[in-house]
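Reader: I have a new structure to look at. Can you walk me through it in plain words?

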Amino acid sequence: MAYAGPVLLKRIPDDPAQRKLYRYADYIATGGYASLKKVLAMLPEDVIKLVVDSGLRGRGGAGFPCGTKWTFLPKDLFPRYLAVNFDESEPGTFKDRYLIDHDPHILLEGIAIAAFANKISTSYIYIRGEYHHEAKLLEAALAEAYEHGIFGQKHPGTDIVSHCYVHRGAGAYICGEETGLLESLEGKRGWPRIKPPFPAVAGAFAKPTIINNVETLACLPAIVEHGAAWFKTMGTPSSSGPKLFGVSGHVNKPGVFEEELGIKMSTLIEKYAGGVKGGKYRAAIPGGVSMGVLGTDQYNAELDFDIGRKYNVLGLGTAGVIVMNDKTDLVVMLRNIVRFFAHESCGQCTPCREGTAWMHKILNRIVDGFGQPQDFDMLAELCLTMGAMPGTTICGLADGANWAVKTFLQKFPEDFKSRLKSRQVQGVAGAGVA
Amino acid sequence: MPTMEVDGKKITFEGKKMILQACLDAGVELPHYCYHSGLSVVASCRICLVEAEHPNPKDPTQMIKIPKLIPSCQTPAMDGMKVYSKSPKAAANQKAVMEFLLINHPLDCPVCDQAGECSLQDYSYKYGRAESRFEEDKAKKPKKDIGPHVLLYSDRCIMCTRCVRFTHEISGTGELAVFGRGHKEEINVFQGRPLDNPLSGNVVDICPVGALLDKDMLFTQRVWFLKSTPSISPFSSGGENIFIEHNQGRIYRIKPRFNAEINKWWISDEIRYGWKFVHENRLSKLVVGGREEIAWETAEAHLDGMMRKAVAEKGPGSTALVLSAFDTTEEMYLAAKWIRSIDRQAWLVLNPPRVEGTDQTFKNPVTGAVTYVIRAEKAPNRRGAEKIISHFSGNTCELSDLAAKVAGGAFGAAAVVLDPVPGTDRAVETALTGLENLAVLSSRPTATTGRAALTLPVCTWAEKSGVFENYAGRIQAFDRAIEPLENTRCSGAIFWSLLGESGTYRSQDGRIMMGREGLPDYAGVTVPKREKKIQLMEFSPL
């Protein structure tokens with residue numbers, strides 16, 4: 001554990017007044033694109049090995065080892081594409097936007113490094129539809145990068161010309177799922193694909209494709225600059241490196257903070273986010289609502305990729321922490337979360353399409369005061385049949401909804417049970433509902 | 001041959017196949033909605049999920065259990081695999097999916113045309129639960145008129161997207177699409193672009209529930225009253241395989257019958273909706289001289305006499321027989337044999353079938369594979385007719401050449417078999433202008449029947465059996481679906497009795513005769529069995 005100041009946010013000071021947009025010249029002046037220059041003198045295989053050695057895991061949510069993902073590309077299938085997942089639409093997640101708002105070139109450098117290492121001909125930055133400002137920033141930064149020969153050039157030693165484009169989505173959560181993203185990129189409905197074939201073999205336009213998160217790629221310049229061993233000094237053995245944590249909810253100073261992986265959530269909230277606001281800590285969502293909820297006794301949970309196993313949540317996710325104080329109505333909170341999933345379910349698989357909407361209707365009824373005792377078990381059963389039984393759906397959206405509901409029910413059962421009354425007790429008003 | 005065990009039953013399969021397809025081919029039923037053998041795999045309904053084990057490639061004596069439920073429609077079958085579709089986990093999923101599908105389904109089976117052949121009903125009995133636990137309001141979705149032949153009841157739809165894939169992959173026209181997202185999504189057409197491609201009726205067949213309904217059949221008959229008779233399309237030279245579905249002597253609809261080499265799972269709308277002539281505007285009286293009605297026995301003798309008189313008066317070669325490419329090969333054989341037995345130099349003429357433009361080919365826009373061809377030639381048996389004519393050889397000519405011969409005055413009489421569907425009468429009428437001794441065998445009144453010396457009402461293809469030979473020379477037999485209209489006979493029966501053969505005419509007797517007399521291709525052709533509809537349910541006492 002040796003975190004010595006920001007890596008990803010090194011150009012973005014804490015004080016909002018001093019933050020500014022780093023254009024190409026500013027970026028170069030602060031050591032930018034030096035890593036790319038260094039990489040271009042290396043062999044692509046060595047770059048991949050460096051990333052594998054660094055233990056860099058995907059920052060988009062699943063935490064899949066980035067270097068390993070790269071090695072899945074078939075040896076002699078070209079062209080290859082890189083899709084950069086900037087669809088950041090998980091509720092509570094805003095880390096990538098914060099980074100690009102001020103330092104877009106760190107992403108472009110990361111893309112250039114990944115493109116060189118994997119002999120990629122075209123990189124697509126798939127950006128969420130609502131990110132108008134960031135799309136413009138990236139377009140401007142890309143123009144600068146092309147002007148200075150970062151893109152539009154052949155990879156040294158090959159005939160492959162590296163290109164990069166910004167592709168704007170239309171604002172669907174499901175397009176953040178990697179194969180949904182590819183479908184959307186191809187101009188189709190963002191319906192996740194059935195696998196196999198996996199994107200590494202037949203991804204965008206049926207060609208081998210890597211999909212990486214913005215933050216994952218933004219880590220690459222630092223890894224190249226300081227080496228894999230340095231990267232591993234940060235974080236835990238299984239989760240190395242620095243991480244952006246977005247803290248929101250009941251805290252005094254919400255925002256994006258950089259720390260190494262494995263820090264305690266309490267540290268994050270108290271040291272960086274100014275402590276819990278308006279009451280005592282009650283619950284927190286570790287990384288986007290699909291990861292589930294941390295209970296009152298899990299305040300000191302270590303935020304790393306092992307969190308799922310240790311604290312009965314799905315995982316670290318995007319590390320967008322949503323803090324809830326003891327005055328929060330968790331039933332209403334869960335209803336809002338499920339409303340999101342019901343709204344964003346793509347509608348392809350039966351269990352997810354029908355299950356999320358059903359859960360939303362049940363929770364609506366509970367919030368309205370017409371919940372019945374059997375609703376608790378019904379919700380728990382829906383969690384199981386909709387998402388928890390592995391393989392019931394094509395993508396993970398249903399599983400995300402299942403974890404959110406399941407962990408709320410498991411960790412805060414009394415909040416729900418106290419709202420549930422049999423119809424006899426509810427009287428005439430309740431009898432009219434169903 | 002690789003084998004696989006499904007719920008303890010051994011099945012064999014060939015080549016690269018998905019588990020579900022291998023099971024269906026072997027006659028083992030696994031539940032499925034979105035999967036269709038003719039369409040791409042989307043694996044989205046999730047009811048076909050099964051548990052499976054497969055042998056360890058390194059040590060085949062060891063089985064590896066796949067930890068997840070796997071979609072059988074999308075997972076390749078492997079030699080030695082064991083599939084469990086009735087395991088507790090698989091059954092729990094089937095039960096859950098059924099419940100999910102039914103929560104927003106209106107359950108209006110009593111007024112739904114699909115009831116009785118609905119996968120939702122069948123699987124609900126077999127895999128579902130008896131009561132719904134859904135206490136909320138059902139989603140309400142509208143009914144839509146999406147095309148000239150098809151209605152869409154969105155509220156019954158289970159979003160299997162078979163119809164959407166059909167319009168994208170088979171017809172290549174892409175009228176249908178999914179609109180909206182999640183539980184609010186619906187199938188629809190784009191504004192101003194209705195589902196009006198020439199294959200549109202097929203979406204009704206592939207809809208596993210009652211969402212897409214045929215306007216033609218709407219509310220006319222409950223499907224469990226319908227009897228299915230395997231038949232061949234009588235409207236085009238493709239020889240498309242169909243089922244005639246009928247009840248109490250009335251046809252209600254035509255459905256495609258699977259034939260991998262000809263029409264696969266599909267038929268064109270022209271075939272599907274073309275059967276109306278069977279019940280409309282039919283001829284049912286035997287008329288002599290335009291007025292007098294006679295009985296069949298007298299009529300046959302009259303016909304025979306007409307020809308004999310012409311030969312006696314004007315000598316050999318003064319009679320003609322005009323064949324219709326809508327008749328069966330056996331009937332044409334008997335007719336030709338009859339006329340040649342009277343007049344050895346009788347002219348054999350084919351009424352040329354109507355040809356509409358050129359063949360219309362449908363392709364999958366992505367793969368370029370041909371998915372369906374609508375033949376330009378609108379008659380089922382031109383090849384058969386040509387074969388009979390060349391078999392008898394001797395005097396033959398084109399219909400257009402007949403006019404000159406009639407005008408020359410050498411002709412004494414002609415027997416004409418008219419097409420059952422309108423379109424080619426004018427050519428016959430023109431060719432035979434001025435000929436007095438005209439005997440017409442027709443199923444409907446036309447100008448020719450109006451002026452003929454003898455008019456005999458005959459039955460249509462649905463009321464008889466026989467063989468058609470398609471454009472590629474494929475000989476296919478079909479069965480009689482409904483009883484002939486009262487007082488009509490098939491032309492085969494007429495000539496059978498005129499030839500002095502005993503007993504009732506049956507098409508296989510005709511084929512045996514042809515086989516004996518130099519046309520061996522036909523002797524072995526048999527009518528397909530009347531297939532029972534696939535029984536999905538195994539009833540168990542409650």
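**A helix, then the domains and the interface**

Author: Start in helix 3 (residues 44-54) of chain A, which holds both A:Lys49 and A:Asp53, four residues apart, about one turn of the helix. Helices (H or I, at least four residues) and strands (E, at least two) are DSSP runs, numbered from the N terminus. This is a predicted model, where local features need pLDDT of at least 70 and side-chain atom pairs count only at pLDDT 80 or more, while totals for chains, interfaces and linings use all residues. Residues are numbered from 1 along each chain as its sequence is written, chains are lettered from A and ligands numbered from 1 in the order in which they are written, and side-chain values use heavy atoms, with hydrogens and water left out.

Reader: What do the side chains of A:Lys49 and A:Asp53 meet in?

Author: A salt bridge, at 3.2 Å from N to O. The term stands for a side-chain nitrogen of Lys or Arg within 4 Å of a carboxyl oxygen of Asp or Glu.

Reader: How many salt bridges over all chains?

Author: The search of the whole structure finds 62.

Reader: Back to chain A. How many helices and strands?

Author: Chain A has 19 helices and 10 strands. Its radius of gyration is 22 Å, close to the 22 Å from the globule rule for 434 residues, so chain A is as compact as a globular protein of that length. That radius is taken over C-alpha atoms, and the globule rule is 2.2 Å times the number of residues to the power 0.38. The C-alpha trace of chain A spans about 80 × 45 × 35 Å along its principal axes.

Reader: Which domains does chain A have?

Author: The assignment gives domain 1 (16-233), domain 2 (242-325) and domain 3 (330-431). Such bounds come from an automatic or database domain assignment.

Reader: How far apart are the C-alpha centres of domain 1 and domain 2 of chain A?

Author: They lie 26 Å apart. The contact (heavy atoms within 4.5 Å) takes 18 residues from domain 1 of chain A and 20 residues from domain 2 of chain A.

Reader: What area is buried there?

Author: About 1,500 Å² between domain 1 and domain 2 of chain A, with carbon and sulfur atoms giving 64%. Buried area is the accessible area (1.4 Å probe) that two parts lose on being put together, summed over both. On the domain 1 side of chain A, A:Arg59, A:Phe94 and A:Lys95 lose the most area to domain 2, together 31% of what that side buries.

Reader: And how many salt bridges between those two?

Author: One salt bridge is counted between domain 1 and domain 2 of chain A. A:Lys243 also forms a salt bridge with A:Glu215, and their closest N and O atoms are 2.8 Å apart.

Reader: New topic. Which domains is chain B divided into?

Author: Domain 1 (3-95), domain 2 (106-225) and domain 3 (287-522). The C-alpha centres of domain 1 and domain 2 of chain B are separated by 27 Å. In contact there are 16 residues of domain 1 of chain B and 18 residues of domain 2 of chain B.

Reader: What do domain 1 and domain 2 of chain B bury between them?

Author: About 1,400 Å², with 57% of it on carbon and sulfur atoms. B:Tyr33, B:Leu39 and B:Lys95 supply 47% of the area that domain 1 of chain B buries against domain 2, more than any other three residues. The count of salt bridges between domain 1 and domain 2 of chain B is zero.

Reader: Now the two chains. How many residues are in the contact of chain B and chain A?

Author: It takes 37 residues from chain B and 40 residues from chain A. About 3,100 Å² is buried between the chains, and carbon and sulfur atoms give 54% of that. In chain B, the residues that lose the most area to chain A are B:Phe100, B:Glu135 and B:Arg181, together 25% of what that side buries.

Reader: How many salt bridges across the interface of chain B and chain A?

Author: The rule finds six. In one salt bridge, the side chains of B:Arg133 and A:Glu381 meet at 2.7 Å, N to O.

Reader: Which elements give two or more residues to the side of chain B that touches chain A?

Author: Helix 2 (88-103) and strand 9 (176-179) of chain B. Helix 2 of chain B provides the largest share of that side, eight residues.
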